[in-house]
Every structure is written in C-alpha cells, then in structure tokens.
Amino acid sequence: MPRAFLVVMDSVGIGGAPDAGRFFNGDLPDTGANTLGHIAQACAEGRAEEGRSGPLRLPALAGLGLGAAVKLASGLEPQGLAGPVTGRWGAATEISPGKDTPSGHWELAGVPVPWDWTYFPDTVPAFSDDLAQAAAAAAGTEGILGNCHASGTEIIARLGAEHMRSGWPICYTSADSVFQIAAHEESFGLQRLYRMCEELAPRLHAMKVGRAIARPFVGSPETGFTRTTNRHDYAIAPPAPVLTNWVQAAGRRVHAVGKIGDIFSMQGIDTLSKGSDAALMDHLARLVDEAEEGSLTFANFVEFDSLYGHRRDISGYARALEWFDARIGALLARLRPGDLMVLTADHGNDPSWPGGDHTRERVPVLCAGVGAGTLGQVAFADVAASIAAYLGVASQGPGRSFL
C-alpha cells in the first residue's frame, strides 16, 4: 500500500501570482515578487555571501524540477537551478483571499478559505479597548503592553524588561490575521501564557482572526531575550474536512510534523512532532523509515519564513534552502518503492522585497516517486486531491488530481 509525504517549505514562493496586485507590503503591491527567483539572482550576483558563497546550489530540488517550476510560474529562469529533471513538477495558484499560513495550508489540504480574514489596523493602539481589556483579564493583569504592529524579536527586545517588571503580557499583531502574545516562560509562566491564548481564541475566531499565537521567550534585560521553540498557534478550525480528515476516515494513520497540528487544530492527526527545523527534519527522516503503509505524513518547515523571509535576510534564506536541499536529497534516496513525496509551499516571502510581510506568489509542486515530466499550472487544492487519489482515499474538496 503506498505512503504519501506532503512537505511544505514555508514561504518558498516562485512568483507569478495573477492577483499579486491586490496584495501589498505597505503601499507597494506584490506584483513582481519572486522569493526563489530573486534569491537565486542575488546568489549569482554575489549578494548573498554571509555564511555561504556563489550561485544557489539546490541539486535535489532542481532535479525534481524546481528551476522549471519557477520559469513556468513567472517566466524567470533562475540561475543555478538548471540540469536534468527526474521528478514531476508544476506551479500552483491560490484562490483564497489571503497570503498567510492558514489560507495556504487549508487550500493545499483541499479547502479554500470561504471568508475574508480580519486584520488589525497598523495604528497605535491596534486593538479595540474591549479586546485589550479582554486580553488583560485573561492574563489577570491590569493592562497589556504593545498593542501595535511589530516584529516579534523587536518587540521583546524593546518591552521585555518592562514586561518582567510589570507582569503585563506583550500583545501585538502583524500584516497577518493574528493576535500574538509574548511572555517570559519563567517570570510570566508558559502554561499561564497558553491558558491566556486558549481563553482569547474563541473570541478572536468569532471575529475571523485566524490565530492567537503564544510567543514565549527567555533571557534577561542584561543578557538579552530569545524566543523559544514552545510557540503554540491557536488557529480557527477549517470550515470543512481536509486531507488529514479524509485519510484518517479511511482508517489510515496521519503524522504531523511542525506547525501542522496547530494549523489544523489537530483535526485528522494521529501523531505530532515539533521542534526546530533541524529537529523536524530528523522527525521526517524517522517517519520515512517507520511510517505505516497507507499513511500520510504532513510536514511544515517554518524557518525559511520566520527567520529569514520576514527579516529580509537573503543570505540566511539561501543558507536554509541549501541545508534543506542536502537533507531532503538524502531522504528522497530512502523512500520505498511506491512512496510519493510532494514538496510545495504555502505563500511567498521574498527577502529582496520592501516591507516585512508575506508576498502573494505561486508555489512549486515537486513530486518524487511518480516519474518525470510537467504537471503544468495547477490549483492549490489539486495537491490534496492528488494525494488522496494516490492513497486511494475519497477526496471531498474542489481539487482535481494531477497524477
């Protein structure tokens, strides 16, 4: 019985979204953004030399058709990604009205988002008085800190000391539909932070805010503050059964790696493995060796996005891509006969682009285990339909199989 592995390279877009002009970083539309293409250009031109050097080297992904997918999506022929192609490749276009994590993942799993998300205004304060008071009540404090749009690392550096003195949680948002709460794991308490998010999440979900996110950190004003891997997303549940539900309903096992459990509110998931991307790759390797016949493994590697895309770090993003390529290449060689691995992304986050928000882009669809050739232009939802068809599971979404 075949197994399937769906691996999301968070934010590794390939340009060319037909509606990019409707999405913005500040006042600049996303038209022309191309995460992978622009990183490859920067590497070829010697503009990504921190911790690495020279053209972008992704032999495993290029061998599955990544370079060809970039050209199909955007017309750009990325330097360094040419060569023989032994996989099946295409470019997927999203229809959901968002360029965020839940929108991309839900649609990849077969359910486009049927509503418009609520975004908080880029003002100070960003939250209504009622919501700010509800957050303070959930924390058991007289008020909150922050109440603005901010980078997570910047705001804990700026307000971490005051947070430790006052005990007030740091609440902030971004261009995504999120309400984020940063708190010190020791002085505030990790479980207290989780309880605060759990209490606020239903109110936020009713507002169509996609996620309440716990952002714990450690450290001191003297040594500096560092976010930990104990982040937890309290996401609104998908409005209909998704790929994980379809597979589980057929009596198969579903293994989640990374943020997948949070994104889908653990719907249709049997096991969950979390940690840094390095730890997640070890978990994925274990599942390549051990996952049951007929199972689905659904993984997300977030650090392309969280550490490098939002921070507009081209060298760091390139280093992460080359690390990922080396590790995933080793796993491709360990797949069993009959296994399918699909590598894709949920949105873009072009580190060469102005601003710090995601960018609206098409994403690659790279398939190992099903021969070679082009898939052409496909829909995000086609990914779920194709994996379901490959596993012999009934699809309940709008997508069509490309396999």
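Buried here means under 20% relative accessible area, exposed over 50%, and partly exposed anything in between (1.4 Å probe, protein chains only). This is a predicted model, so local features need pLDDT of at least 70 and side-chain atom pairs count only at pLDDT 80 or more, while totals for chains, interfaces and linings use all residues. Residues are numbered from 1 along each chain as its sequence is written, and side-chain values use heavy atoms, with hydrogens and water left out.

Helices (H or I, at least four residues) and strands (E, at least two) are DSSP runs, numbered from the N terminus. Eight of the ten residues of α1 are buried, so the helix is largely enclosed by the rest of the structure. The buried set is made up of T35, L36, G37, H38, I39, A40, A42 and C43. Among the elements that cover these residues are α3 and α12, where covering rests on contact, meaning heavy atoms within 4.5 Å. Just after α1, G46 takes a positive phi of about 75°.

A nonpolar core is a set of buried Ala, Val, Leu, Ile, Met, Phe, Trp, Tyr and Cys residues joined through side-chain atoms within 4.5 Å. The largest such core has 90 residues, and L243, F324, I328, M341, L343 and I387 have the most contacts inside it. Helix α12 (residues 314–332) gives the most to this core, with nine residues. A second, separate core holds 28 residues, including A134, A136, F179 and F188. Back in the largest core, M341 touches F5, V7, V288, I328, L332, L335, L366, C367 and A368, leaving out residues up to four places away in sequence.

As for the cysteines, C367 is buried, with a relative accessible area of 0%, and C197 is likewise buried at 0%. There are zero disulfides in the structure, a disulfide being a pair of cysteine sulfur atoms within 2.5 Å. For C197, the closest cysteine sulfur is in C171, 8.5 Å away, which is too far for a bond.

Out on the surface, T86 is exposed, with a relative accessible area of 60%. T86 sits in the loop between α3 (66–74) and β4 (88–93). Its contacts, leaving aside neighbours within four places in sequence, are G63, G371 and A372. T86 and G371 are 285 residues apart along the chain, yet their C-alpha atoms are separated by 6.8 Å.
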